[in-house]
Amino acid sequence: MTALPATTSNARLTAPLSRAKVGMASLIFMESAFFSAFLVTYLYYIGKSPDGPQPLDCLELNLVLVNSVCLLSSSITVVLAVRSLARGAMGAFRLWLAVTILLGLEFLLGTGYEWWGLIEDKGLTIQSNAFGTNFYSLVGFHAFHVVVGLVLLIGVFILSLFGCINPARDHRRVDVATWYWHFVDVIWILVFTLVYIVGRVPQGAAA
Amino acid sequence: MQWAISVDHKKLAMMYIGAGLIFFLVAGIEAAFMRLQLAQAGNEIVDPETFNQLFTMHGTTMVFLVGMPILLGFGNYLIPLMVGARDMAFPRLNAFGFWLFIFGGLLLYFSYVGADGLYGAGTAPDVGWFAYAPLTSRTFSRGNSTDYWILGILVSGFGSMTTAINFIATILCMRCPGMKLMRMPMIAWMMLVVAFLVLVAIPILTAAQSMLLFDRTLGAHFFDPETQGSAILWQHLFWFFGHPEVYILILPAFGFVSEIMPTFSRKVIFGYPLMVAATVGIGFISLGVWAHHMFVVGLGPVLDSFFGATTFLISIPTGIKIFNWLGTMWGGRLQFTTPMLFVTGFVAMFVIGGLTGIMLATVPMDWQLSDSYFVVGHFHYVLFGGTVFGIFGALFYWFPKATGRLLNERLGKWTFWLLFIGFTLTFMPMHVSGALGMPRRIYTYEADRGFEIWNLISSIGVPVQMAGVAIFLWNVGRSLRRGEVAGDDPWDAWTLEWSTSSPPPEWNFDRIPTCTSARPLWDRKHPEDPDAHYE
Ligand code: HEM
Ligand SMILES: [Cu+2]
């Protein structure tokens with residue numbers, strides 16, 4: 001083979017994209033497709049579940065509002081954590097990360113508590129009716145993704161405790177990892193709107 | 001062991017393709033049994049239950065365990081080499097995806113021994129590859145063969161999704177210096193769009209399958225009409241996945257054609273920018289046509305016309321491609337090597353399949369033809385005459401790169417002609433039997449309906465195709481040991497994979513190449529007249 005040609009003027013790619021960012025963006029794109037199937041299905045079944053427990057009777061806003069505030073504010077705390085890391089302030093980074101993790105745990109426990117009430121007091125299970133089926137599937141899958149996000153954050157936290165996180169080297173990577181957490185938050189906004197606002201209409205009216 | 005723990009994209013790719021070919025033989029044997037049963041009216045070679053399992057496993061295997069892995073395998077092999085990278089963006093994720101696919105495939109086939117059937121015997125899934133509700137509900141599908149179908153495909157689907165993420169990251173981030181997007185090999189464009197479609201479509205299937213799993217195991221009510229569920233919803237979700245899926249299966253083959261055809265026409269590809277635009281266009285439009293699989297559901301005239309129209313629309317970019325390939329061949333110095341024969345056959349067969357597709361997209365015609373053998377004829381023209389021919393072309397074209405030895409040309413031509421003739425014998429008559437009213441998925445039929453002769457011809461085609469495949473396997477075995485040594489660049493081609501040794505070293509390139517045009521190797525071979533001057 002002949003020798004490689006000398007680099008031409010346009011041989012450099014301008015600003016190559018980062019693999020990590022593209023990979024994470026693709027993952028989030030894929031997860032969005034997954035959730036859109038459940039969201040659309042939920043929407044489709046609103047008002048089509050005449051028998052058994054009804055959304056208006058079962059769902060109460062107090063607890064879920066607290067949960068939502070916790071989850072949404074955890075998006076802010078995680079940004080603060082990443083900013084601290086970028087500054088090299090490891091102490092602040094760990095603190096904000098711990099707060100984020102605790103807020104996430106609150107959300108999970110709150111959801112668990114809500115479900116317990118629904119099952120014990122209201123008698124709503126996945127078998128009750130189309131509403132129960134959709135409610136537990138959608139909210140459950142979201143909660144499952146919160147768990148995944150938490151595992152990610154806890155992993156970063158543990159690494160930082162062992163001194164494996166180097167601010168200069170790793171703050172971009174940690175930033176990319178937190179994208180997932182923001183994604184879980186955005187999905188919650190959609191789920192909340194659909195389940196607790198749009199879906200709490202009297203049955204029969206929406207159909 | 002070397003292979004089992006490998007994260008090298010080339011080794012993984014060869015394992016993908018090898019495993020896909022093994023599944024190809026398995027699914028082919030399943031098909032052979034079906035054709036044996038249908039050769040004559042009233043045959044009793046397999047019983048009805050077995051027949052249901054045969055077409056379910058055949059379809060599921062061919063789509064998920066043959067088409068997907070072989071095409072993703074080629075993507076794995078070629079993308080880094082063709083864009084001038086040393087590996088995929090995430091090599092370990094790549095290995096993970098491969099092993100998920102293997103595990104999913106084994107899980108599906110484990111149903112033959114492991115799933116509860118009558119009297120505790122093993123039993124394979126029998127609900128068809130699209131598993132319509134409510135046939136899949138616990139009432140109608142006893143035991144757990146359907147659960148195996150769900151889980152096997154779910155797991156291998158995760159594998160496809162991780163691979164798609166890898167493709168996107170590699171294509172967008174790992175190109176060698178100078179390789180702008182509009183200089184990428186066509187195959188990279190095709191794989192980029194395929195990866196996009198995988199990320200949109202497979203999660204929908206995953207979601208639908210999770211719902212079905214909840215219905216079956218937790219007593220949820222997504223799809224069971226008896227308990228407020230909707231069986232039509234399953235069809236919407238499935239085909240929202242299913243139609244993009246058929247493009248996932250055909251676009252990589254478009255890529256093979258777009259690489260192989262220029263090489264053996266000794267010309268650049270005709271209309272590169274239009275080809276890119278058509279590919280991207282197909283990617284988007286294919287997300288909006290799914291209900292053409294549901295015309296007989298009775299969706300009403302508005303939806304029917306909408307989906308009929310979008311389906312017609314998608315034949316425009318598809319037609320553009322056909323004309324570009326013809327334009328590539330036009331006036332070229334054609335060399336009909338085996339890979340060229342296969343891709344030429346591809347274009348011809350795909351046109352026929354596309355035309356029957358348009359017939360099916362015409363709503364009133366579909367009412368007549370849906371669920372008949374005509375549909376079976378249609379999709380085998382695009383999937384066998386299209387995808388499988390493309391795969392064989394690619395196997396012959398890149399085998400020397402992967403192994404260092406050429407496949408034998410004379411045997412290759414035998415394979416092509418046997419496959420081509422056998423394929424036509426088997427699938428052309430299905431259009432007739434279908435138009436005469438023969439429904440698909442029946443295990444037998446009565447005499448004197450006019451179906452017999454067409455079915456007999458269809459079945460006669462099977463041994464012809466089997467002979468073609470057998471010769472191919474023999475060719476591979478023979479050439480691996482004493483095939484002609486290929487050298488780096490046996491076809492005098494123009495893309496970067498031919499600039500490194502055959503087989504390439506684990507790191508692909510000693511020096512990361514640079515790219516000066518869409519045909520970097522042409523530029524190197526012809527410094528007096530580089531393509532770069534015409535860009
Ligand atoms: C011009 C392009 C195409 C058009 C207009 C078209 C149209 C259609 C229509 C309307 C049907 C539904 C028939 C029915 O069930 O009543 C159908 C079925 C099908 N098509 Fe196509 N098609 C096209 C290309 C393709 C390609 C490229 C592939 C795959 C590589 C493909 C694979 C299939 C399959 C697998 C089915 C049957 C699915 C099943 O019912 O099991 N088609 N096509
Ligand atoms: Cu389709």
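Author: Buried means under 20% relative accessible area, exposed means over 50%, and partly exposed is in between, with a 1.4 Å probe and protein chains only. This is a predicted model, in which local features need pLDDT of at least 70 and side-chain atom pairs count only at pLDDT 80 or more, while totals for chains, interfaces and linings use all residues. Residues are numbered from 1 along each chain as its sequence is written, chains are lettered from A and ligands numbered from 1 in the order in which they are written, and side-chain values use heavy atoms, with hydrogens and water left out.

The copper ion (ligand 2) is coordinated by B:His243 through ND1, and by B:His292 and B:His293 through NE2, at 1.9 to 2.1 Å. Donors here are N, O and S atoms within 2.8 Å of the metal (3.2 Å for Na, K and Ca); water is not among the atoms, so sites may look incomplete. Along the chain, the spacing of the copper donors reads H-x48-H-H. B:His292 counts as buried because its relative accessible area is 14%, whereas B:His293, at 27%, is partly exposed.

B:His378 belongs to helix α11 of chain B; helices (H or I, at least four residues) and strands (E, at least two) are DSSP runs, numbered from the N terminus. The iron atom of ligand 1 and the copper ion (ligand 2) are separated by 4.5 Å.

Around ligand 1 there are 23 residues, of which B:Trp129, B:Asp366, B:Ser370, B:His378 and B:Arg440 come nearest (a residue is near if one of its heavy atoms lies within 4 Å). Three of these side chains place an N or O atom beside an oxygen atom of ligand 1: B:Asp366 at 2.5 Å, B:Ser370 at 2.7 Å and B:Arg440 at 2.8 Å. Two or more residues of the shell come from each of α6 (231-265), α9 (338-361) and α11 (373-403) of chain B. The most come from α9(B), which gives 6 residues. By type, the shell holds 14 nonpolar, 7 polar and 2 charged residues; Ala, Val, Leu, Ile, Met, Phe, Trp, Tyr, Cys and Pro count as nonpolar, Asp, Glu, Lys and Arg as charged, and the others, Gly among them, as polar.

Most residues other than glycine have a negative phi, and most peptide bonds are trans. B:Arg441, not a glycine, has a positive phi of about 65° and sits in the loop between α12 (409-435) and α13. At 24% relative accessibility, B:Arg441 is partly exposed. B:Arg266 also has a positive phi, near 55°, and lies in the loop between α6 and α7 (272-285). With 19% relative accessibility, B:Arg266 counts as buried.

The bond from B:Ala133 to B:Pro134 is cis, with omega near 0°, and B:Pro134 is in the loop between α3 (91-114) and α4 (145-173) of chain B. B:Ser502 and B:Pro503 are joined by a cis bond with omega of about -15°, and B:Pro503 is in the loop between α13 (452-482) and α14 (520-525).

Chain A consists of 6 helices and 0 strands, and 45% of its 207 residues are buried. Helix α1 (residues 19-45) of chain A has 27 residues, which at 1.5 Å a residue should span 39 Å; the end C-alpha atoms are 39 Å apart, which agrees. The expected span is 1.5 Å times one less than the number of residues. Just after α1(A), A:Gly47 has a positive phi of about 80°.

Aromatic rings come last. Rings of Phe, Tyr and Trp (its six-membered ring) pair if their centres lie within 6.5 Å; planes under 30 degrees apart count as stacked, over 60 as edge-to-face and the rest as tilted. This rule gives 75 aromatic pairs over all chains. A:Phe34 and A:Phe35 form an edge-to-face pair, because their planes meet at 85° with ring centres 5.8 Å apart. A:Phe34 is buried at 8% relative accessibility, and A:Phe35 is buried at 0%. The rings of A:Phe131 and A:Phe135 have centres 5.9 Å apart and planes at 50°, so that pair is tilted. Both residues lie in helix α5 (residues 130-161) of chain A, 4 residues apart, about one turn of the helix.

Methods: A polar contact is a pair of N or O atoms within 3.5 Å; within protein, one must be able to donate a hydrogen and the other to accept it, and residues adjacent in sequence count only if both atoms are side-chain atoms.
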